[in-house]
Amino acid sequence: MLKLHIFKGSYQCLLYPVYPVSTIMNMLCRAGQIRRCAASLSHTISQVTASRQKHTLPDLTYDYGALEPHICAEIMQLHHSKHHATYVNNLNITEEKYQEALAKGDVTAQVALQPALKFNGGGHINHSIFWTNLSPNGGGEPQGELMEAIKRDFGSFQKMKEKMSAATVAVQGSGWGWLGYDKESGRLRIAACANQDPLQGTTGLIPLLGIDVWEHAYYLQYKNVRPDYVKAIWNVINWEDVTERLQTAKK
Ligand SMILES: [Fe+2]
């Protein structure tokens, strides 16, 4: 058995039984290598933590007023620059706290931060998809493989619209209606999520098209008549973006 003791900054070896000097030197060298390796790893982790990119609010590719008359400029301006920006800011704050908790090995703090991570992370993910799902040149019907998949899984484009509209209007309180892709079955699915629950993180479906039915998304223009807002939003759906998301999801 070999015992190593640190005494006044140096190793002393007590050997039971006695090992050859060369073996002892090898063991001491290996101990030194492990210490240096651990120090290097710690330094690398610190660098990665310090250089972590913060999330930022994505720019819109169209003006706030470009979706009128279906979604007014005031809604779009507040929705993007205030509501989405708040999710981004709070996600960054939550991630910083989470990193601190990880560094301390504080599992209780990590668990306590998970609802904030889900809410603000989901808010950032969902809205980032939502802006690209919309376009001033949108509306109409999808083409190609997306249309074929809709007909196969819902019977017709009109039936898909009706089913998704109904599921979206029926969301209790705040949430989202989704058209998603089920990678296991290769089928399209309609789903609804509460609050800012991200579709893929909570259901496994890959998000293709989302309709935000938080009141901040429509109340200034449509007041309490959520069905009118959901009916109108089909006029600005960017089917090219939805098709690209399907193509990516299928890979
Ligand atoms: Fe929203």
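Student: Which strands does helix α9 lie across, and at about how many degrees does the helix run to β5?

Tutor: Helix α9, residues 239-250, lies across β3, β4 and β5 and runs at about 150 degrees to β5. Such angles, from 0 to 180 degrees, are taken between N-to-C directions of axes, which are lines fitted to C-alpha atoms, for helices over the stretch in contact; contact means heavy atoms within 4.5 Å. Helices (H or I, at least four residues) and strands (E, at least two) are DSSP runs numbered from the N terminus. Residues are numbered from 1 along each chain as its sequence is written, and the model is predicted, so local features need pLDDT of at least 70 and side-chain atom pairs pLDDT 80 or more, while totals for chains, interfaces and linings use all residues. Side-chain values use heavy atoms, without hydrogens and water.

Student: Why are β4 and β5 called edge strands?

Tutor: The open sheet has 3 strands in the order β4-β3-β5, with antiparallel pairing. β4 (187-194) and β5 (206-212) each pair on one side only, and are therefore its edge strands under the pairing rule. From one strand to the next, the twist averages 25 degrees.

Student: What makes the site of the iron ion tetrahedral?

Tutor: Donors are N, O and S atoms within 2.8 Å of the metal (3.2 Å for Na, K and Ca); water is not among the atoms, so sites may look incomplete. The protein donors are H79 (NE2), H127 (NE2), D212 (OD) and H216 (NE2), at 1.9 to 2.1 Å from the iron ion. Four donors count as tetrahedral if all angles lie between 85 and 135 degrees; four are square planar and six octahedral if opposite donors are over 155 degrees apart and all others between 65 and 115; anything else is irregular. The angles among the 4 donor atoms are 89 to 134 degrees, so the site is tetrahedral. Ideal tetrahedral angles are 109.5 degrees. Along the chain, the donors follow the spacing H-x47-H-x84-D-x3-H.

Student: How do you know that F130 is buried?

Tutor: Buried means under 20% relative accessible area, exposed over 50%, and partly exposed in between (1.4 Å probe, protein chains only). F130 has a relative accessible area of 2%, so it is buried. F130 belongs to helix α3 (residues 107-133). Beyond its neighbours within four places in sequence, F130 has contacts that include H79, W176 and D212. D212 and H216 are both buried, and 7 of the 7 residues of β5 are buried.

Student: Why is N195 called partly exposed?

Tutor: N195 has a relative accessible area of 37%, and is therefore partly exposed. N195 is in the loop between β4 and α6 (199-203). Its phi is near 55 degrees, a positive value in a residue other than glycine. Most residues other than glycine have a negative phi.

Terms used. Two strands pair if DSSP finds at least two bridges between them.
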